[in-house]
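Student: I'd like to talk through a structure with you. Could you put it up?

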Amino acid sequence: MSSDAVRLFETRRAEQIAARRRQTALFGVVFLAAFAVSVVVGEVSLERLATGLPRFFAYIERTLPTLSLATLGADLGRWFWNFEGWLRLLFDTILIAFVATTLGVIGGFLLSFAAAKNLVANPWIHHGARRFLELMRTVPELVFALFFVFAFGLGPMAGVLAIALHTLGVLGKLFAEINENVTAKSLDGVVAAGASFDQVIRFGVVPQVLPGFVSYTLLRFEINVRSASVIGFVGAGGIGQELMFVINQFIYTDISAILLMLIVTVALIDLGCEKLRHRLIGQESLK
Amino acid sequence: MSRPDSTRIAALAARYPGTIYAPPGQLWGRRAVVAGFFVAFLWASDHLGMSFARLLQGLQDLGIVASMMVPPTSAGFFWDYVHALGETLAMAFLGTLLASLASIPLGFLGARNVVANPVIHFGLRRVLDVIRGVDSLVWALIFVSVVGLGPFAGILAIALNDTGVLAKMYAEAIEGADRKASEGVAAAGGSKADIARLAIFPQVFPVFLSNSLYFFEANTRSATILGVVGAGGIGFFLADRIRVNAWSDVCFIILLILPTVALIDYLSRFLRERAIGVEPPAEALSR
């Protein structure tokens with residue numbers, strides 16, 4: 001009797017170990033196959049890597065300006081010769097992110113209630129809203145921007161709308177997930193007092209979800225500033241167009257000057273948003 | 001919801017100031033912030049050249065585009081599209097793989113509890129900040145001018161950009177690892193390398209794996225657009241077909257991209273739950 005149990009245990013264990021080994025081997029084979037195919041399709045070779053990397057470091061070196069301590073002011077002046085022009089473009093870039101985030105938040109806010117399972121009983125509505133948000137999220141901003149440049153012409157308006165649509169998709173989904181975590185008790189309470197749908201949203205849901213919404217919005221704004229900086233690659237406004245021009249024309253020191261300004265701006269905005277987030281909702285609720 | 005008698009509310013509000021209505025200072029402060037935000041939004045929209053007239057005109061154009069999209073056609077380019085899509089996946093796969101491999105040693109070097117020298121980890125963290133601060137599309141553009149057009153530039157761009165993010169995340173995971181295991185290995189006479197290999201690595205490996213898988217998913221999305229700047233993949237065809245207004249081809253390409261991205265999302269989520277040892281919830285599988 002007891003030896004039966006031991007034997008049963010041993011065979012089961014051997015089976016499990018064998019199954020795990022088979023699985024690991026299978027993953028290994030699939031991984032190696034994917035790697036081999038990718039190397040061929042991706043046109044990768046050690047030779048290209050060996051010649052490419054030194055050229056990349058040489059490229060980076062060439063973008064660095066010659067600065068000497070004796071003539072630092074003049075050197076910096078020559079490096080950032082178009083400082084004011086670039087600053088204006090950076091300002092436009094931030095405005096694009098700001099307007100796009102605002103529009104995206106408005107759209108995402110409205111749709112998030114339709115996409116929340118606990119608020120809308122009709123499966124057609126919340127599935128429809130979910131799929132729509134999914135589509136907006138999956139299409140990259142740059143693709144929307146390509147379309148909108150055709151429809152709205154070159155310039156920031158196309159960029160704003162492209163980033164706004166993508167933001168709507170991302171935030172709508174995140175907001176809907178927050179909505180679904182609202183405690184049922186507060187909803188029941190408002191419903192029991194005879195509230196209509198919009199009153200349930202206003203008094204039962206919004207007070208609970210607002211801190212989460214604000215936090216996600218600020219995070220998204222940071223991301224959108226980055227997106228707005230490259231949306232100009234397809235002619236949709238901001239500093240991207242200038243950046244693409246100097247890279248394509250090999251104006252080396254301008255590349256590093258613009259990128260440096262961009263990095264500092266993005267870092268400052270990240271810092272500001274983080275401060276604001278902590279002040280608005282406190283460090284506890286971030287976890 | 002019918003309100004209670006308004007005179008009673010007024011009486012209560014007068015007796016307990018700050019409970020029913022916010023104190024006037026706070027109320028007007030909040031209104032000022034909202035009004036300021038609204039004015040800023042309108043000014044920014046106007047500054048960026050946005051207007052309802054342009055919006056309506058553009059929407060009309062988009063309607064025309066949408067009508068020209070059906071029926072989607074490949075115009076004999078089907079296998080070229082499939083190959084380009086394969087390039088996109090290969091770029092995401094190899095880029096993520098390269099970045100993950102490079103991030104393991106960099107993560108250890110950047111972790112305060114492994115490398116005691118503050119100069120090394122502070123310097124490394126700042127270099128990573130700069131790499132991360134530049135969008136992968138910018139890196140792609142730079143790599144196109146360094147190694148030429150094609151997917152190889154895209155792979156390097158993804159690898160470099162992700163190294164900036166992953167190495168930082170890995171370093172943070174290593175810093176958050178339980179120190180007792182390290183002390184145990186040290187007490188048993190282990191060297192620094194032994195501690196890294198035997199005490200820290202087993203703790204952080206699942207985190208590494210799950211992050212890398214998540215990045216593969218995200219990179220598949222971003223790799224679809226790297227072709228816009230000539231760095232290989234389906235983005236090249238997409239941007240090209242939009243530029244020549246071949247809308248039914250555009251529709252076909254988008255219909256190819258969306259299910260591919262969804263498939264990779266599903267695969268990555270599945271593997272991620274495998275890697276951290278959690279059974280995938282039924283909800284994730286049904287999506």
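Tutor: First a term: domain bounds come from an automatic or database domain assignment. This is a predicted model, where local features need pLDDT of at least 70, side-chain atom pairs count only at pLDDT 80 or more, and totals for chains, interfaces and linings use all residues. Residues are numbered from 1 along each chain as written, chains are lettered from A and ligands numbered from 1 in written order, and side-chain values use heavy atoms, without hydrogens and water.

Student: How far apart do the C-alpha centres of domain 1 and domain 2 of chain B lie?

Tutor: Chain B splits into domain 1 (6–69) and domain 2 (78–286). Between their C-alpha centres, the distance is 39 Å.

Student: And in chain A, how far apart are those centres?

Tutor: Here the assignment gives domain 1 (2–63) and domain 2 (83–286). Their C-alpha centres lie 36 Å apart.

Student: How much area do chain A and chain B bury between them?

Tutor: Contact (heavy atoms within 4.5 Å) takes in 63 residues from chain A and 62 residues from chain B. Buried area is the accessible area (1.4 Å probe) that two parts lose on being put together, summed over both. Carbon and sulfur atoms carry 80% of it, and the total is about 5600 Å².
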